[in-house]
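This briefing sets out the architecture, surface and selected residues of one protein chain. Please consult the sequence and the model alongside the text.

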Amino acid sequence: MRRLEKKHPLAIRWFHWINFPVLFLMIWSGLLIYWANAVYRLGLGRYTLFTFFPDRVFEALGVPYRLAEGMSLHFVFMWFFVINGLVYVVYTVLSGEWRDLVPNRHSFREAIQVVLHDLRLRKIEPPPRKSTARSRSRTPR
């Protein structure tokens, strides 16, 4: 039986899970902006052939024409997203986690092994990326 191992530190998981609701709220506020002026359409001149979101979608979501509210919410949530991203970058630099993000000389070969294994063209599983000697020496979190 396989054992579940935490591959990422707690801080990295928190940064990613903070992004989840923030991005959801930014998409929602973006829909408020889009609803105010649905310029994204396929058509010729004044004739619209296809709109990406029909009116009934916006009515079901309860997002009437609220451009100012949508823009202000979008701007507020953007700051949460930016601050979370900056703190994430500072953390990865100070903690040394950036070494796991930057490709090394084995990355291309490992990527090919993963693709071949996922396509079931190679039966041998590729070695896990985070099980290097550096990662093993860390204390479990």
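The model is predicted, so local features need pLDDT of at least 70 and side-chain atom pairs count only at pLDDT 80 or more, while totals for chains, interfaces and linings use all residues. Residues are numbered from 1 along each chain as its sequence is written, and side-chain values use heavy atoms, with hydrogens and water left out.

**Overall architecture**

- The chain contains six helices and two strands, where helices (H or I, at least four residues) and strands (E, at least two) are DSSP runs numbered from the N terminus.
- The order of elements from the N terminus is α-β-β-α-α-α-α-α.
- Of the 141 residues in the chain, 17% are buried; buried means under 20% relative accessible area, exposed over 50%, and partly exposed in between (1.4 Å probe, protein chains only).
- Among contacts between residues at least 6 apart in sequence, 67% join residues at least 24 apart, contact being defined as heavy atoms within 4.5 Å.
- Carbon and sulfur atoms hold 68% of the accessible surface of the chain, which comes to about 11800 Å²; accessible areas come from the Shrake-Rupley method with a 1.4 Å probe, and for residues only the protein chains shown count as cover.

- Helix α1 (residues 10-36) has 27 residues and reaches 40 Å from its first C-alpha to its last, close to the 39 Å expected at 1.5 Å a residue; the expected span is 1.5 Å times one less than the number of residues.
- The buried residues of α1 are Ile12, Phe15, Asn19, Val22, Met26, Ser29, Leu31, Leu32, Tyr34 and Trp35, and their cover includes α2 and α3.
- Asn84 belongs to helix α3 (residues 67-95) and counts as buried because its relative accessibility is 8%.
- Beyond its neighbours within four places in sequence, Asn84 is in contact with Phe15, Ile18 and Asn19.
- The side chains of Asn84 and Asn19 make a polar contact (2.7 Å), a term for a pair of N or O atoms within 3.5 Å; within protein, one must be able to donate a hydrogen and the other to accept it, and residues adjacent in sequence count only if both atoms are side-chain atoms.

**Nonpolar surface patch**

- Leu42, Leu44, Leu49, Phe50, Phe52, Phe53, Val57 and Leu61 form a nonpolar patch on the surface, with about 800 Å² of accessible area together.
- The elements giving two or more residues to this patch are β1 (41-44), β2 (47-51) and α2 (55-61).
- Patches are made of residues with over 30% relative accessible area and no salt bridge, with like charges joined within 9 Å and nonpolar side chains (Val, Leu, Ile, Met, Phe, Trp, Tyr) within 5 Å; a salt bridge is a side-chain nitrogen of Lys or Arg within 4 Å of a carboxyl oxygen of Asp or Glu.
- Phe50 is placed in strand β2 and, at 43% relative accessibility, counts as partly exposed.

- The 12 residues of helix α5 (residues 107-118) should span 16 Å at 1.5 Å a residue, and the end C-alpha atoms are 16 Å apart, in agreement.
- Ala111 is found in helix α5 and counts as partly exposed, at 39% relative accessibility.
- Arg120 lies in the loop between α5 and α6 (133-136) and counts as exposed, at 76% relative accessibility.
- Arg120 is not a glycine, yet has a positive phi of about 60°.
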